[in-house]
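This report goes through one structure by topic. The sequence and model come first, and the text follows.

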Amino acid sequence: MKITKVKGIYDILGKEAEIFSLIEETFFRLTKHFGYKRVFLPILEKEELFVRSVGDSTDIVEKEMYTFLDKGKRKVALRPEGTAGAVRAYIENQVFLSESYTKWSYFGEMFRYENPQAGRRRQFYQAGCEYFNAPSPLADGEVIYLAYRILKELNVNAKLYINSIGCDKCRGPYKTLLIDYLKSKEDKLCSDCQKRLKRNPLRVLDCKNPVCKDIIDEAPNILDHLCECCKLHFEQLKEILDILKVPYKIDPFLVRGLDYYTKTVFEFKVDSLGAQNTVLAGGRYDKLIKELGGPDIPALGFAMGVDRVALCMKEAIKDTRHGVILLPLDEKLLPYAVKAFKLLSESTSILEQIKEDIDTKKFNLVLKLMKDEKLRDFLVAVRDRIELPNKISKIRKMFSLADKKNFAYALIIGEEEASKNLITVKNLDTGNQFQLSLNMFEG
RNA sequence: GUGGGCGUAGCUCAGCUGGUUAGAGCGAGGGACUGUGGAUCCCUAGGUCGCCGGUUCAAGUCCGGUCGCCCACCCCA
């Protein structure tokens with residue numbers, strides 16, 4: 001009996017893995033650029049954390065969490081999202097005592113028990129960041145700009161939608177207004193919306209049913225009912241986005257599924273992905289830290305759906321030639337090939353030394369490198385990747401392998417080379433080759 | 001949780017209204033080609049036809065169930 005993977009949980013290999021790495025690398029480069037520090041947070045948390053933060057009437061908590069009792073009979077859950085755990089860690093470690101503000105970034109797997117479909121998996125990856133103690137709309141602008149830059153850098157063509165859903169002062173009165181309106185049309189709403197009306201009336205606003213859409217168009221608009229503070233905050237945010245030249249659309253019907261959001265919410269959507277087209281989303285959660293037992297500290301953040309972004313980047317990785325492979329012509333030449341392998345691999349530190357420390361023992365090599373473009377390109381390729389073959393076979397075979405594995409250079413290690421302490425370097429793109437003495441790498 | 005479509009070689013797929021040893025292309029390994037890759041030609045390996053049960057003289061093909069995949073709903077990144 002063959003053991004297979006669990007439904008909705010996937011191995012990430014090959015091209016998809018390369019794209020994941022590229023996303024991760026880009027994400028951390030840009031978050032670091034804007035002052036975020038990477039943190040590593042638990043995948044397993046107490047179930048109660050998510051019930052209290054995400055909201056006990058959300059679908060995530062009601063039916064999508066992987067929960068179980070551990071051997072100590074603790075009710076635990078695999079994290080369905082990242083913010084709750086980050087906030088818990090922020091409070092538990094009392095980070096607010098030693099830092100005036102805190103910016104965290106993370107990348108990791110999340111779990112939700114849903115039926116899989118395009119852009120939806122039971123184990124999926126999010127790259128997210130959280131910005132604690134950030135009351136000003138400057139923070140909203142900066143966070144959205146960061147998200148915008150990441151997607152831009154990854155060549156993901158997404159449109160930004162923003163909204164404000166107010167704070168506890170203005171959302172309450174608006175909610176009753178909305179409920180009153182929807183109740184007057186209740187018989188016309190779809191059955192889902194009739195249920196939403198009772199459990200989470202704001203969610204009626206993003207129903208896709210055309211009949212509901214017409215009703216929603218006439219519904220009271222939250223933006224007309226914000227308190228002065230929220231209104232000003234939203235106005236300032238729009239101004240900041242304009243200065244940053246981040247294009248956006250205001251969507252007064254944009255509400256997020258998680259309970260903890262206040263004021264600013266935003267989503268980046270693509271149109272190439274089918275039904276699951278939100279690739280990045282986030283917002284402000286000014287009350288969450290307090291609700292989870294911490295001080296009254298405003299914060300905001302976002303999460304990017306890595307699997308979804310990767311789907312948009314199918315063509316992003318092209319097979320370019322890179323690196324070098326050593327081709328010993330027969331078994332006898334193995335020791336010489338291994339020696340060359342070590343010398344070349346270690347020589348690449350020279351490339352760094354050129355920048356910092358020209359006064360080196362390997363001055364001659366450095367001088368040569370500065371003049372010899374061919375040699376420099378070759379060593380750059382060596383630094384990128386250097387491999388020995390998986391087995392020694394006919395030269396023809398090994399060249400074919402070098403080609404298929406997309407090496408930029410093949411190094412021929414033969415009797416003649418070994419006797420003169422050199423290697424023959426063949427550029428697999430141009431077909432040109434030259435010989436290189438190993439003497440200069442020694443000592 | 002609900003609905004629709006689909007499961008045949010590593011991948012993409014043929015396989016007629018059930019009929020005997022289940023095919024192709026690509027990929028993989030080897031050879032033609034003894035120090036030079038991409039091209040061409042030849043050879044080889046790789047399958048309990050997703051799994052279990054049923055109908056039948058006979059099932060990859062029909063029926064039921066189950067698991068998985070894809071798509072959508074719900075919902076979300």
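## The second largest pocket

Strand 2 (44–46), helix 2 (47–53) and helix 4 (83–92) each contribute at least two residues to the lining of the second largest pocket. Helices here are DSSP runs of H or I with at least four residues, strands are runs of E with at least two, and both are numbered from the N terminus. The model is predicted, so local features need pLDDT of at least 70 and side-chain atom pairs count only at pLDDT 80 or more, while totals for chains, interfaces and linings use all residues. Residues are numbered from 1 along each chain as its sequence is written, chains are lettered from A and ligands numbered from 1 in the order in which they are written, and side-chain values use heavy atoms, with hydrogens and water left out.

The second largest pocket holds about 260 Å³ of space. It has 13 lining residues, and Glu 45, Lys 46, Glu 48, Leu 49 and Arg 88 are the closest to its centre. By class, this lining has eight charged residues, five nonpolar and no polar ones. Ala, Val, Leu, Ile, Met, Phe, Trp, Tyr, Cys and Pro count as nonpolar, Asp, Glu, Lys and Arg as charged, and the others, Gly among them, as polar.

Pockets and cavities are found on a 1 Å grid over the protein atoms alone. A cavity is a set of points where a 1.4 Å probe fits but cannot get out; a pocket is an open set with protein on both sides within 12 Å along at least five of seven lines; lining residues have an atom within 4 Å of a point. Grid points are joined across faces, edges and corners, and a volume is the space filled by probe spheres set on the points.

## The cavity

One cavity of 30 Å³ or more turns up in a search of the whole structure. The largest cavity has about 50 Å³ of space. Its lining consists of Leu 41, Pro 42, Glu 45, Phe 50, Arg 79, Glu 81, Gly 82, Gly 85 and Tyr 106. Four of these residues are classed as nonpolar, two as polar and three as charged.

## The surface near RNA strand B

There are 55 residues around RNA strand B, and Arg 112, Arg 120, Arg 196, Arg 203 and Arg 256 come nearest. A residue is near the strand if one of its heavy atoms lies within 4 Å of it. The surface has 26 charged, 15 polar and 14 nonpolar residues. Helix 17 gives the largest share, seven residues. Elements that each supply at least two residues include helix 3 (59–63), helix 8 (191–199), strand 10 (278–284) and helix 17 (395–404).

Sugar or phosphate accounts for 56% of the RNA strand B atoms within 4 Å of the protein, and bases for the rest. A polar side-chain atom of Arg 203 is 2.2 Å from a phosphate oxygen. Base nitrogens lie 2.4 Å from a side-chain N or O atom of Arg 321 and 2.8 Å from a polar side-chain atom of Asp 403.

## Salt bridges

The count of salt bridges is 29, each being a side-chain nitrogen of Lys or Arg within 4 Å of a carboxyl oxygen of Asp or Glu. Arg 121 and Glu 16 form one of them, at 3.2 Å from N to O. These partners are 105 residues apart, with Arg 121 in the loop between strand 5 (102–111) and strand 6 and Glu 16 in helix 1 (residues 14–33).

Glu 47 pairs with Lys 75, and their closest N and O atoms are 3.6 Å apart. This pair also links distant parts of the chain, Glu 47 in helix 2 and Lys 75 in strand 4 (residues 75–78), 28 residues apart. Glu 47 is buried at 16% relative accessible area, whereas Lys 75 is exposed at 55%. Buried means under 20% relative accessible area, exposed over 50% and partly exposed in between (1.4 Å probe, protein chains only).

Lys 287 and Asp 296 meet in a salt bridge of 3.3 Å, N to O. Asp 140, Lys 263, Arg 284 and Asp 286 are joined into one network by salt bridges that share partners.

## Positive phi

Most residues other than glycine have a negative phi. Lys 263 has a positive phi near 50 degrees; it lies in strand 9 (residues 262–269) and is buried at 11% relative accessibility. Asn 155 has a positive phi of about 60 degrees. Asn 155 sits in the loop between helix 6 (137–153) and strand 7 (159–164) and is exposed at 68%.

Definitions and conventions. A polar contact is a pair of N or O atoms within 3.5 Å; within protein, one must be able to donate a hydrogen and the other to accept it, and residues adjacent in sequence count only if both atoms are side-chain atoms.
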